[in-house]
Amino acid sequence: MTATIGQETSQSRLPNPAALVPELGEIGRALFKATGNGSVPQATISLVQLRAGQIVGNTYLTVLHTGNLRKAGESEERITAVASWQDAPYFTDAERVALALVEAVLTPNPHGERVCDELYAQASAHYDDKALATLTMAIGQVGFFIPLALIGKPLPGVAPAQQWRQ
């Protein structure tokens, strides 16, 4: 596969998927409601979702979640350090476990299962059952939108109504 030089960058590849499949709005609202139940801090969910965008190498998702974190008042140090969270001093132990979980889920492990018992035990030490289920759904939430971001290629930093191909 070769890169196309001069490729059109003023619109996404796909038309607005919510216009094509109106049920997408209902799914999105349900996912946001489920992950916003208060059992996991919104900052943690946003950090996890930013890391997911970084792992899959998608600028749209990284710009979106970086912007969400800025709007929520997160420091530039914390936002920037998500890419190197393992040795960054800006995260709580609970946030570190959440970041480790999203990496385990989205990164193939050639040596065995992705979420080992030790990582699950660490997560269980920081999150009760409801919070762990919510964190799992937050990873699934961003996972649900990854194909749209990779295939549809929405424009980073552009309002949803303006980014999709007409």
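**Entry 1: the model**

I began by noting that this is a predicted model, and I kept that in mind for each value below.

**Entry 2: helix H6**

I looked up helix H6, which covers residues 93-106. I found that its 14 residues reach 20 Å from the first C-alpha to the last, close to the 20 Å expected at 1.5 Å a residue. I then asked how many residues of H6 are buried. The count is 11 of its 14 residues, and I wrote the helix down as mostly covered. The buried residues are Ala-94, Glu-95, Arg-96, Val-97, Ala-98, Leu-99, Ala-100, Leu-101, Val-102, Glu-103 and Ala-104. When I looked for what covers them, I found that the cover includes H3, helix H5 (76-81), helix H7 (117-126) and helix H8 (129-152).

**Entry 3: H6 against H8**

The crossing in which H6 passes H8 is right-handed. On the H6 side I listed Ala-98, Leu-101, Val-102, Val-105 and Leu-106, which meet Leu-132, Leu-135, Ile-139 and Ile-146 in H8. Sorting this contact by class, I had 9 nonpolar residues, no polar ones and no charged ones.

**Entry 4: Leu-135**

I followed up Leu-135, a residue of helix H8. Is Leu-135 buried or exposed? Its relative accessibility is 0%, so Leu-135 counts as buried. Leaving aside neighbours within four places in sequence, I found Leu-135 in contact with Val-40, Val-48, Ala-98, Leu-101 and Tyr-127. I also noted Ala-34, which is 101 residues from Leu-135 in sequence but 9.9 Å away in space, C-alpha to C-alpha.

**Entry 5: H6 against H7**

I then examined H6 with H7, whose axes come within 9 Å and cross at roughly 140 degrees. Here H6 passes H7 in a left-handed crossing. From H6, the residues Asp-93, Ala-94, Val-97, Ala-100, Leu-101 and Ala-104 meet Leu-119, Gln-122, Ala-123 and His-126 of H7. I sorted this contact into 7 nonpolar residues, 2 polar and 1 charged.

**Entry 6: the loop between H6 and H7**

I looked at two residues of the loop between H6 and H7, namely Asn-109 and Cys-116. Asn-109 is partly exposed, since its relative accessible area is 33%, and Cys-116 also counts as partly exposed because its relative accessibility is 32%. For Cys-116 and Leu-101, the separation is 15 residues in sequence and 9.8 Å in space.

**Entry 7: H3 against H4**

I went on to helix H3 (residues 42-55) and helix H4 (residues 59-71), whose axes come within 8 Å and cross at roughly 160 degrees. How are H3 and H4 placed relative to each other? They are roughly antiparallel, because angles over 145 degrees count as such. I recorded the crossing of H3 past H4 as left-handed. The H3 side of the contact is made by Ala-43, Ser-46, Leu-47, Gln-49, Leu-50, Gly-53 and Gln-54, and the H4 side by Leu-61, Thr-62, His-65, Thr-66 and Leu-69. By class, I counted 5 nonpolar residues, 7 polar and no charged.

Phi of Lys-153 is near 50 degrees, a positive value in a residue other than glycine. Lys-153 counts as partly exposed because its relative accessibility is 40%. Pro-154 lies in the loop between H8 and H9 too, but its relative accessibility is 5%, so Pro-154 counts as buried. Not counting residues up to four places away in sequence, Pro-154 touches Ser-12, Tyr-60, Leu-148, Ala-149, Gln-163 and Trp-164. I noted lastly that Pro-154 and Asn-16 are 138 residues apart in sequence and 9.0 Å apart in space, C-alpha to C-alpha.

Technical notes
Residues numbered from 1 in each chain as written. Predicted model: local features only at pLDDT ≥ 70, side-chain atom pairs only at ≥ 80, totals over all residues. Heavy atoms only, no water. Axes fitted to C-alpha atoms, helices over the stretch in contact; angles between N-to-C directions. Helix = DSSP H or I, 4+ residues; strand = E, 2+ residues; numbered from the N terminus. Parallel < 35°, antiparallel > 145°, perpendicular 65-115°, else oblique. Left-handed = near helix turned anticlockwise from the far one by under 90°. Contact = heavy atoms within 4.5 Å. Nonpolar A, V, L, I, M, F, W, Y, C, P; charged D, E, K, R; others polar. Expected span 1.5 Å × (residues − 1). Buried < 20%, exposed > 50% of the residue type's maximum accessible area, 1.4 Å probe, protein only.
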